[in-house]
Amino acid sequence: MLTLVLGRAGSGKTSCVMKDFNDRIARGMTRLFYIVPEQYSHDAERQLLKICGDRLSLHGEVLSFSRLCSRVFAETGGAAASLLDDGGRLLVMSRAVCAVADMLRIYGKAEQKADFLEELVAISKEFKSACISPDTLASAAASSKSPLKEKLHDLSLITGAYDGYFTSETANPDDRLSRLAHVLAGCSSFDAGHIYFDGFTDFTAQEMRVI
C-alpha cells in the first residue's frame, strides 16, 4: 500500500514519517528501509537513532540510492564490477568519438579537447538519468528537422559507441540505477517489511524505475 505524506516545508512530514518508523519497530516489525538523498543520509541516520535508539540497527536501515545499489548487487551479483572514474570516462568517450568520427555530421569537426569530451560525458549522464537510449535518439533524429536532426543523429552514434566500451567487469557508474531496476526483483531483502522515501524534491526516470 502506498501512503503519501504531504505538506509544506517545515510542516512536520519527516517527523511524522520517523514516528511511524519508530512505531513499527515498537510493534516488532523488521526490515524497515528509510531511503533518502545521498547528502541527507548521515543526518537522517542520526535523527532516527535519537528516536529509535539501538533498535534501529536490528530492525531498520537508512539507505541512499547508491547504498541501495551496493546492497542489492552484493546479493544478486555485480558488486565487484570496477566503476570508471571521471578520467576513465573521458578516455572512453574519446575512443567512442574516434570510432564513429567518419559518420558524424556535426561533432566530427570538433577537436577532441577535454572540455568537449567532458560535455559529451555530461550529456550521456543526463540521457542515462532520463532513460533515453541511443535508439531513442536515432528515432527522434529521424522525425526531426535540421539542425536538430544532425545533432541527435551524432549523439545517437556517440552514446551508442560510448556504451559499447563498457562491460560487466568495467561498468559505467551512470548505469548503476538502470542495472538496479533490472535485478531488484531477484533480491530477497525487500520481500517483506516497509519502505520509506523522504527528503526528495523529485525523482529521475532511473529512480522512478527503481521505485
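This briefing walks through the confidence, sheet, helix packing and local details of the structure above. The model is predicted, so local features are described only at pLDDT of at least 70 and side-chain atom pairs only at pLDDT 80 or more, while totals for chains, interfaces and linings use all residues. Residues are numbered from 1 along each chain as its sequence is written, and side-chain values use heavy atoms, with hydrogens and water left out.

**Confidence**
- The protein has a mean pLDDT of 91, pLDDT being the predictor's confidence in each residue, from 0 to 100.
- A value of 70 or more is reached by 98% of the residues.
- Helix 7 (residues 134-142) has the highest confidence, at 97, and strand 3 (residues 82-83) the lowest, at a mean of 82. Helices (H or I, at least four residues) and strands (E, at least two) are DSSP runs, numbered from the N terminus.

**The sheet and its helices**
- Three strands form an open sheet in the order 2-1-5, with parallel pairing; two strands pair if DSSP finds at least two bridges between them.
- Strand 2 (60-63) and strand 5 (194-197) are the edge strands, each pairing on one side only.
- On average, neighbouring strands of this sheet are turned by 15° against each other, direction ignored. Axes are lines fitted to C-alpha atoms, for helices over the stretch in contact, and angles run from 0 to 180 degrees between N-to-C directions.
- Four bridges link strand 1 (residues 32-35) and strand 5 in the parallel sense, and Ile35 has Phe197 in strand 5 as its bridge partner.
- Helix 2 (residues 41-52) packs on the sheet and touches strand 1 and strand 2, where contact means heavy atoms within 4.5 Å. The direction of helix 2 makes about 160° with that of strand 2.
- Helix 4 (residues 65-76) also packs on the sheet, touching strand 1, strand 2 and strand 5, with its direction at about 120° to that of strand 2.

**Helix 5 against helix 6**
- The axes of helix 5 (residues 86-100) and helix 6 (residues 114-129) are 9 Å apart, at an angle of about 95°.
- The two helices are therefore roughly perpendicular to each other, a label for angles of 65 to 115 degrees (under 35 is roughly parallel, over 145 roughly antiparallel, the rest oblique).
- From helix 5, Arg89, Leu90, Met93, Ser94 and Val97 meet Ala114, Leu117, Glu118, Leu120, Val121 and Ser124 of helix 6.

**Local details**
- There are nine salt bridges, each a side-chain nitrogen of Lys or Arg within 4 Å of a carboxyl oxygen of Asp or Glu.
- One of them joins Arg46 and Asp43, whose closest N and O atoms are 3.5 Å apart. These residues are about one helical turn apart because they are three residues apart in helix 2.
- Ser146 and Pro147 are joined by a cis peptide bond, with omega about 0°; Pro147 lies in the loop between helix 7 and helix 8 (148-164).
- Arg31, in the loop between helix 1 (13-26) and strand 1, has a positive phi of about 60° although it is not a glycine.
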